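Please look over the model shown here, with its chains side by side, before reading on. The paragraphs after it are meant to be read with the coordinates open.

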Amino acid sequence: MKVLLMGNPNVGKSVFFSRLTGTSVTASNYPGTTVEYTEGHMRWKEEIIDIIDVPGTYTLTPTNKAEEVAVEMLTEGDLVINVVDATNLERNLNLTLQLLEKNIPVIVALNMWDETHHKGIEINVSKLEELLGVPVIPTAAIKGNGIKNIINNFNYRNIVKRDYENTEKRWAEIGKIIEEVQEIKPGSHSFLDYLEEWSIKPLTGIPIATFILYLSFKIISFIGEGLIGYITEPFFETVYRPVITKLSLLLGSQGLLHDLLIGQLIEGKIDFEQSFGLLSTGIFIPLAAVLPYIIAFYFILGLLEDTGYLPRLAALVDNIMHRVGLHGFSIIPMILGLGCNVPAALAVRSLESKREKFIASTLMAIAIPCMAQIAMILGLVGPFGGKYVTYVFVILAAVWIIVGLLLDKLLPGFSTDLLLEIPPMRMPSVGTVLKKLWMRIYSFLKEAIPYVLLGIFIVNLLYIIGIFDILALVIGPFLNRFFGLPKETTSALLMGFLRKDLAMGILATMELTAKQLVIASTILAIYFPCIATFAVLIRELGIIDMLKSTLVMLITTLLVGGFVNFAFQNGGITILGWLIIILAVILTKFIPDFNNKKIDIKS
Amino acid sequence: MTQLNELKNGEEGIIISFNGGQGLINKLNAMGVRTGKKVTVISDSFIGGPVTIKIDTNTVSIGHGMASRITMEVER
């Protein structure tokens with residue numbers, strides 16, 4: 001049996017989902033698409049049934065790919081649980097009535113029931129049940145209320161098969177229903193209500209946003225550093241080192257197999273960062289250096305998502321995003337990209353026009369380093385001083401702005417306008433946040449460990465065969481001249497195609513100056529996305545656009561790498577360097593518009 | 001008659017019409033923005049930014065361009 005959870009975005013569907021399902025939850029792509037949905041299982045009357053968390057949708061006449069998938073999934077389910085936000089009944093009923101027109105049994109979960117009271121909303125449930133002709137069950141998924149009643153209705157199989165003919169008649173019907181079942185009294189304004197309003201108004205919202213982002217950053221680095229300093233590194237030193245040292249001795253401290261598994265001994269000892277064997281550095285990078293920051297980042301991101309803060313941020317930055325040809329919602333892929341560029345590339349698909357998709361994907365891939373790379377930058381550049389880390393991010397931010405301004409001017413096509421529901425601020429549910437965190441950590445481990453191991457294997461292989469020496473001879477002089485990097489860094493740039501954290505790991509084996517590290521970190525972020533992101537982007541943008549995007553990346557790399565090499569002197573960007581950056585921003589203003597940039601009103 | 005983007009914080013109005021194609025109307029309808037509905041502006045358009053409105057209990061942010069296509073009747 002297959003039960004589909006369907007509803008508008010922000011109705012607490014995922015909380016509902018985690019209440020119903022156990023720990024065996026998987027995120028999968030819908031066949032033939034990159035739309036992600038979550039599937040879980042539960043035991044019901046001696047039967048294991050599938051629960052599917054269908055992507056949130058406002059309507060069954062799809063406006064984007066995610067909604068198309070939602071509609072397609074309808075044909076596969078045995079029962080739909082339509083999760084409805086009771087505090088927003090009117091808008092939610094639009095989807096409900098459309099579901100009633102389909103050939104599938106529906107039960108309605110009137111979620112957020114606990115919130116209706118303080119908002120002064122009264123809903124006559126039995127009347128609503130009578131008018132819709134299907135079971136309507138009040139629930140408060142976050143507290144676990146009403147979930148049992150939903151499960152008791154799992155064998156409901158009646159199909160009402162309504163026909164409202166067209167959109168207008170459907171809305172008329174909704175109007176009638178609302179009139180009969182709902183009464184809204186002006187509720188009292190709580191502190192949270194005020195906070196909700198302050199967080200959207202620019203005058204108060206921008207300081208709040210600055211504070212929240214600063215706090216998030218502080219907490220992430222606190223958790224990340226803490227986990228590394230107190231858990232992962234001590235674990236590797238005291239538990240793992242004795243084991244692997246024994247293995248090293250067993251293998252005779254040298255030889256092909258030893259070099260592959262353990263790597264080179266540094267002053268007679270295994271160095272987790274520099275030995276570069278499969279079982280030393282290959283395990284250390286993903287688990288000890290990167291994982292702590294992945295945990296920290298996704299924990300905070302989960303909280304930001306589930307409190308309902310992100311849409312507010314999207315509305316606040318709408319203005320800025322229009323300058324680069326996007327609208328406020330595009331901040332979401334940018335933030336996701338800080339975790340991993342792959343889900344960010346997937347999130348770009350909910351943008352409407354081809355032009356917006358191209359700009360958002362390119363900016364994300366070019367100037368947003370993923371947490372795996374950031375963790376390595378912090379570990380590698382950090383010891384030279386915080387200001388060098390800051391420089392990497394300042395340069396990337398400047399790249400984001402300048403490339404964005406240019407793309408907006410030069411790309412043909414149209415951009416759309418923001419239209420975004422601002423959900424109420426809510427206390428996140430600990431269970432949902434942790435479950436989501438676990439799913440993200442799991443998918444990081446699943447991706448990172450094999451790729452890092454494969455990468456280290458290839459690196460060792462290429463060193464042994466001597467390919468890197470040849471490449472260093474061919475490409476090395478160019479790197480040296482343009483970017484001021486030693487010719488050995490060729491191998492890092494090459495491995496950056498596979499994984500950025502691995503590439504940064506290779507840099508750790510070289511004695512680079514702070515300036516060289518700043519340059520190398522920056523161009524590693526810019527020049528090309530890692531292979532996993534690249535694969536998704538090809539599917540999303542098509543091969544032609546992806547080639548164009550790659551061209552933008554390569555040109556940017558040359559200009560930025562060369563520029564930083566020139567303008568970074570005595571531990572900072574020179575005044576002339578700053579002038580050039582500012583001049584570049586101003587000059588983009590004088591480029592004539594190559595497109596009409598009209599906001600599309602038809603689609 | 002005024003356009004939604006011209007309304008100030010706290011002002012109320014009723015949506016009269018949408019100046020756009022069926023696609024725009026469907027998109028707005030699906031978000032609960034429909035003709036005849038009473039709207040309160042929570043955050044007005046700040047140098048080309050979006051307008052955030054409240055309809056009953058529903059809060060929606062609408063980009064400046066789109067808001068300029070929504071005609072309102074305002075009692076002042």
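Predicted model: local features only at pLDDT ≥ 70, side-chain atom pairs only at ≥ 80, totals over all residues.

Residues are numbered from 1 along each chain as its sequence is written, and chains are lettered from A and ligands numbered from 1 in the order in which they are written.

At the interface, 30 residues of chain B are in contact with 34 residues of chain A, two residues being in contact if their C-beta atoms, placed from the backbone, lie within 7 Å. The elements that give two or more residues to this side of chain B are helix 1 (22–30), strand 3 (38–43), strand 5 (58–62) and helix 2 (64–67) of chain B; helices (H or I, at least four residues) and strands (E, at least two) are DSSP runs, numbered from the N terminus. Helix 1 of chain B provides the largest share, six residues. By class, the side of chain B that touches chain A has ten nonpolar, 16 polar and four charged residues, where Ala, Val, Leu, Ile, Met, Phe, Trp, Tyr, Cys and Pro count as nonpolar, Asp, Glu, Lys and Arg as charged, and the others, Gly among them, as polar.

Strand pairing also links the chains: strand 10 (residues 419–421) of chain A and strand 5 of chain B pair in the antiparallel sense over three bridges, pairing requiring that DSSP finds at least two bridges between the strands. Here A:Leu420 stands opposite B:Ser61.

Within chain B, strand 6 (residues 70–73) runs antiparallel to strand 1 (residues 2–3) of chain B, joined to it by two bridges, and B:Gln3 has B:Thr71 as its bridge partner. Strand 2 (residues 12–18) of chain B is likewise antiparallel to strand 6 of chain B, with four bridges between them, and B:Phe18 stands opposite B:Ile70.

In chain A, helix 9 (residues 202–250) and helix 11 (residues 281–307) pack at an angle of about 150 degrees, with their axes 9 Å apart; axes are lines fitted to C-alpha atoms, for helices over the stretch in contact, and angles run from 0 to 180 degrees between N-to-C directions. Helix 9 and helix 11 of chain A are therefore roughly antiparallel to each other, a term for angles over 145 degrees. By class, their contact has 18 nonpolar, three polar and one charged residues.

Conventions:
Parallel < 35°, antiparallel > 145°, perpendicular 65-115°, else oblique.
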